[in-house]
Amino acid sequence: MPLETAPDPNHPTADGPTADEVIVTSELCKIYEMGDQQVNALCGVDLRVRHNEYVAIMGPSGSGKTTLMNLIGCLDSPTRGRYWLNGHDVSRLNDDELARIRNKEIGFVFQTFNLLSRATALHNVELPLIYNGTPSEERIVRAKEVLESVQLGSRMTHKPNELSGGQRQRVAIARALVNRPSIILADEPTGNLDSKTGDEIMALFDDLHAQGNTILIVTHEPEIAEYAQRIVTIHDGAIASDRPSRRHAAGGSKADPHRRPISP
Ligand SMILES: Nc1ncnc2c1ncn2[C@@H]1O[C@H](COP(=O)(O)OP(=O)(O)OP(=O)(O)O)[C@@H](O)[C@H]1O
Ligand SMILES: [Mg+2]
């Protein structure tokens with residue numbers, strides 16, 4: 001993966017992260033080349049996220065939200081600008097180090113779940129552990145443990161088409177968590193779910209936040225964004241606003257303290 005995050009000569013003194021900042025971008029840009037056309041998907045994004053912050057990213061379709069998540073998750077590299085992940089200047093890492101830091105530090109959840117359709121829930125959750133060479137006995141123990149933590153202990157042998165939408169997303173969340181990442185990135189995790197199931201998934205993110213994880217979630221829905229502490233809005237590839245959520249400003253929690261446990 002080519003990395004082109006050399007210091008921008010126009011901004012040689014870009015601020016690096018402070019000790020409690022896990023994501024810091026400076027003047028981050030992404031230009032997609034399409035034949036002789038250029039698409040400016042992101043331009044000049046400065047974003048700073050502290051350890052254990054919970055951030056929602058909103059914005060119209062095509063504004064650059066997924067592009068930003070892919071850069072933050074080291075799934076893609078920026079055209080210009082700099083990025084520090086957990087204090088590491090990503091531009092200074094080689095491909096192996098990048099893959100290692102991605103697997104260790106980041107868990108991804110996607111709108112379309114991205115599960116292997118022919119594999120059981122258990123096997124889907126085991127996959128990241130297979131990629132990093134975890135021995136099979138430990139893999140099974142850890143995959144079962146994390147599936148139980150999302151209330152799917154009784155559905156481990158089900159394949160994705162034998163699960164409801166909310167259960168599929170919980171398998172995907174379990175897969176994102178199995179490597180015990182500190183940062184969870186979720187791109188419209190409730191986009192394919194009804195609102196009740198979406199609220200159950202958001203309650204899980206609340207739990208993960210309470211356990212100390214840093215969470216970034218992309219959503220189109222203002223009610224979903226209110227689960228976060230902070231709402232960053234993107235327009236035309238740039239940050240248009242960055243404010244505390246109403247929930248956070250009010251010092252409260254959107255999660256219902258009396259909510260029923262999720263049924264399997
Ligand atoms: N691989 C690509 N090649 C070329 N252009 C791309 C590519 N991926 C995204 N784009 C363009 O970059 C811009 C930002 O896309 P992005 O997927 O980040 O938007 P988004 O905010 O996530 O939108 P949505 O809400 O619809 O998911 C869009 O104009 C899109 O057409
Ligand atoms: Mg998107």
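Tutor: Before we start, one definition: a residue is buried if 20 or more other C-beta atoms lie within 10 Å of its own, and exposed if 12 or fewer do. Keep in mind too that this is a predicted model.

Student: Okay, what share of the residues of the protein chain count as buried?
Tutor: The chain is built with eight helices and ten strands. Its residues number 264, and the share of them that count as buried is 39%.

Student: Among contacts between residues at least 6 apart in sequence, what percentage join residues at least 24 apart?
Tutor: Start with the contacts whose two residues are at least 6 apart in the sequence of the protein chain. Then keep those whose residues are at least 24 apart, and you have 69%.

Student: Let's look at a helix. What span is expected for α4?
Tutor: Helix α4 covers residues 136–149, which makes 14 residues. From its first C-alpha to its last it reaches 20 Å. That's close to what you'd expect at 1.5 Å a residue, namely 20 Å.

Student: Why do the buried residues of α4 end up on the same side?
Tutor: The buried ones are R139, A143, V146 and L147. They sit on the same side of α4 because, around the axis, they cover an arc of only 100°.

Student: Which helices do the buried residues of α3 pack against?
Tutor: In α3, the buried residues are A121, N124, V125, E126, P128 and L129. From the α4 side, the buried residues pack against α3 and α5. Seen from α3, the partners are α2, α4 and α5.

Student: Which residue with a positive phi comes just after α4?
Tutor: There's one of these after α3 as well: G133, with a phi near 75°. Just after α4, a positive phi of about 60° belongs to Q151.

Student: How many bridges pair β1 with β2?
Tutor: These two strands form a hairpin with two residues between them, and G35 in the turn has a positive phi of about 60°. Across the pair, L28 faces V45 in β2. They run in the antiparallel sense, and the number of bridges is ten.

Student: Which residue in β4 is the bridge partner of V24?
Tutor: β1 and β4 are antiparallel and joined by five bridges. I23 stands opposite L85 in β4. For V24, the partner is W84.

Student: Last topic, the ligand. Which element gives the most residues to the shell around ligand 1?
Tutor: The shell includes Y32, M34, S63, K65 and T66. At least two residues each come from β1, β2 and α1. With three residues, the biggest giver is α1.

Conventions
Residues numbered from 1 in each chain as written. Chains lettered and ligands numbered in written order. Predicted model: local features only at pLDDT ≥ 70, side-chain atom pairs only at ≥ 80, totals over all residues. Helix = DSSP H or I, 4+ residues; strand = E, 2+ residues; numbered from the N terminus. Expected span 1.5 Å × (residues − 1). Arc of directions from axis to C-beta. Contact = placed C-beta atoms within 7 Å. Near = placed C-beta within 6 Å. Pairing = 2+ DSSP bridges.
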